[in-house]
2 protein chains.
Amino acid sequence: MSRILPLCPLTREAFAPFGDVIETNGAHHYPINNGTTMRFHDLARVETIGEGARTLISIARGDAFTLPLDIRMVERHPLGSQTFFPLHSRPWIVVVAGEEAGKPQAPVAFLVKPDTGGLRGVNYHRNVWHHPLITLEAQGDFLIVDRGGEGNNLEEYFYEEPFRIE
Amino acid sequence: MSRILPLCPLTREAFAPFGDVIETNGAHHYPINNGTTMRFHDLARVETIGEGARTLISIARGDAFTLPLDIRMVERHPLGSQTFFPLHSRPWIVVVAGEEAGKPQAPVAFLVKPDTGGLRGVNYHRNVWHHPLITLEAQGDFLIVDRGGEGNNLEEYFYEEPFRIE
């Protein structure tokens with residue numbers, strides 16, 4: 001029997017243990033380009049370590065998931081952070097998990113939607129457990145900023161029983 | 001009297017001397033996440049050098065420009081590349097310039113629009129002359145990936161006479 005995983009609203013404060021919410025609302029900003037552009041500055045802690053580490057920019061095209069959805073596993077990247085920024089305004093789901101005694105804890109799920117400041121993305125900090133991309137309603141593209149280089153940058157963990165998002 | 005600067009369509013080939021076009025069409029891609037996501041992989045050469053260099057993710061909110069528009073200057077960043085990826089589907093303009101004898105050549109202008117592969121962005125390679133953000137039709141947000149750290153990362157050049165985009 002699945003345990004129910006509630007969908008929480010995404011806020012900077014709630015997400016802080018896992019990474020950054022990339023959004024303009026409440027962000028440090030200042031005018032550039034002779035006042036024709038506002039820069040919302042330095043919104044994510046990008047980290048890439050290890051041999052040959054470099055920053056990659058890619059696009060992920062996620063198939064649409066439907067609810068209810070069973071969360072059976074999480075993964076993490078020991079050598080780098082990973083940013084997902086939606087290129088569309090539909091909702092999507094971010095699932096993360098803390099760690100205790102070397103294993104992921106029960107996951108936490110956030111529903112991500114644009115707010116009055118526009119589209120919002122997340123940056124998983126290095127080594128933070130998270131579920132792969134969950135897009136809702138329709139296939140959607142996301143800009144990805146993560147790490148390339150040598151070494152194994154993927155760990156996976158499968159829960160004994162799934163958690164259900166209704 | 002202004003010299004006329006034609007608006008060229010943006011293609012990978014035409015933009016190659018200046019940087020990367022970040023787009024899914026024609027990009028190397030492969031399935032991940034058990035086949036639920038397609039990854040269009042490593043679309044830009046991100047480079048950050050110098051003391052304390054790190055990769056920043058920011059959002060630039062550009063005011064709308066109207067045509068005709070006079071291009072009077074270009075700038076460049078000697079310590080890092082700079083990615084602009086639109087978070088909207090309206091057209092925008094990218095102006096870049098090669099270099100000869102230590103000075104920017106006459107600029108080249110590209111009109112950027114989404115194509116069948118979706119939204120398209122650009123990555124200016126390190127030290128490539130370019131004009132600040134030119135958004136059209138309405139104020140627009142762009143995800144920026146560039147460099148933070150010590151040192152002077154900005155050079156500007158003012159042309160003796162402007163170039164006009166009609």
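**Chains A and B: terms and values**

Biologist: In which strand of chain A is the place of Thr37(A)?

Modeller: Thr37(A) lies in strand β5, residues 37-40 of chain A. Strands (E, at least two residues) and helices (H or I, at least four residues) are DSSP runs, numbered from the N terminus. This is a predicted model, in which local features need pLDDT of at least 70 and side-chain atom pairs count only at pLDDT 80 or more, while totals for chains, interfaces and linings use all residues. Residues are numbered from 1 along each chain as its sequence is written, chains are lettered from A and ligands numbered from 1 in the order in which they are written, and side-chain values use heavy atoms, with hydrogens and water left out.

Biologist: Why is Thr37(A) called buried?

Modeller: Buried means under 20% relative accessible area, exposed over 50%, and partly exposed in between (1.4 Å probe, protein chains only). Thr37(A) has 4%, so Thr37(A) is buried.

Biologist: What is Thr37(A) in contact with, leaving aside its neighbours within four places in sequence?

Modeller: Contact means heavy atoms within 4.5 Å. Thr37(A) is in contact with Tyr30(A), Pro31(A) and Ile32(A), and also with Ala60(B), Arg61(B), Gly62(B) and Leu133(B).

Biologist: What joins the side chains of Thr37(A) and Asn33(A)?

Modeller: A polar contact is a pair of N or O atoms within 3.5 Å; within protein, one must be able to donate a hydrogen and the other to accept it, and residues adjacent in sequence count only if both atoms are side-chain atoms. The side chains of Thr37(A) and Asn33(A) make such a contact at 3.1 Å.

Biologist: Why does Thr83(A) count as buried?

Modeller: Its relative accessible area is 1%, so Thr83(A) is buried. Thr83(A) sits in strand β9, residues 82-86 of chain A. Its side chain has a polar contact of 2.8 Å with that of Asn123(A).

Biologist: What makes Arg39(A) and Asp146(B) a salt bridge?

Modeller: A salt bridge is a side-chain nitrogen of Lys or Arg within 4 Å of a carboxyl oxygen of Asp or Glu. For Arg39(A) and Asp146(B) the N to O value is 2.9 Å. The pair crosses between chains, from strand β5 of chain A to strand β17 of chain B. With 9% relative accessibility, Arg39(A) counts as buried, and with 8% Asp146(B) also counts as buried.

Biologist: Which parts of the chain does the salt bridge of Glu23(B) and Arg12(B) link?

Modeller: The closest N and O atoms of Glu23(B) and Arg12(B) are 3.5 Å apart. Glu23(B) is in the loop between β3 (19-22) and β4 (29-32), and Arg12(B) is in helix α1 (residues 12-15), 11 residues apart. At 6% relative accessibility Glu23(B) counts as buried, whereas Arg12(B), at 29%, counts as partly exposed.

Biologist: How do you know that the copies meet through the same surface?

Modeller: Of the interface residues of chain B, 100% are also interface residues in chain A, so the surface is the same. In the interface, 39 residues of chain B are in contact with 40 residues of chain A.

Biologist: What is the area buried between chain B and chain A?

Modeller: Buried area is the accessible area (1.4 Å probe) that two parts lose on being put together, summed over both. Here the value is about 3,300 Å², and carbon and sulfur atoms give 58% of that. On the side of chain B, Ile57(B), Ile59(B) and Arg61(B) lose the most area to chain A, together 21% of what that side buries.

Biologist: Why are the two copies said to be related as by a two-fold rotation axis?

Modeller: Copies are superposed by least squares on the C-alpha atoms of residues with pLDDT of at least 70 in both. Chain B superposes on chain A by a rotation of 180° with 0.0 Å of shift along its axis, at an RMSD of 0.0 Å. The copies are therefore related as by a two-fold rotation axis. In chain B the C-alpha nearest that axis belongs to Leu87(B), 3.0 Å from it.
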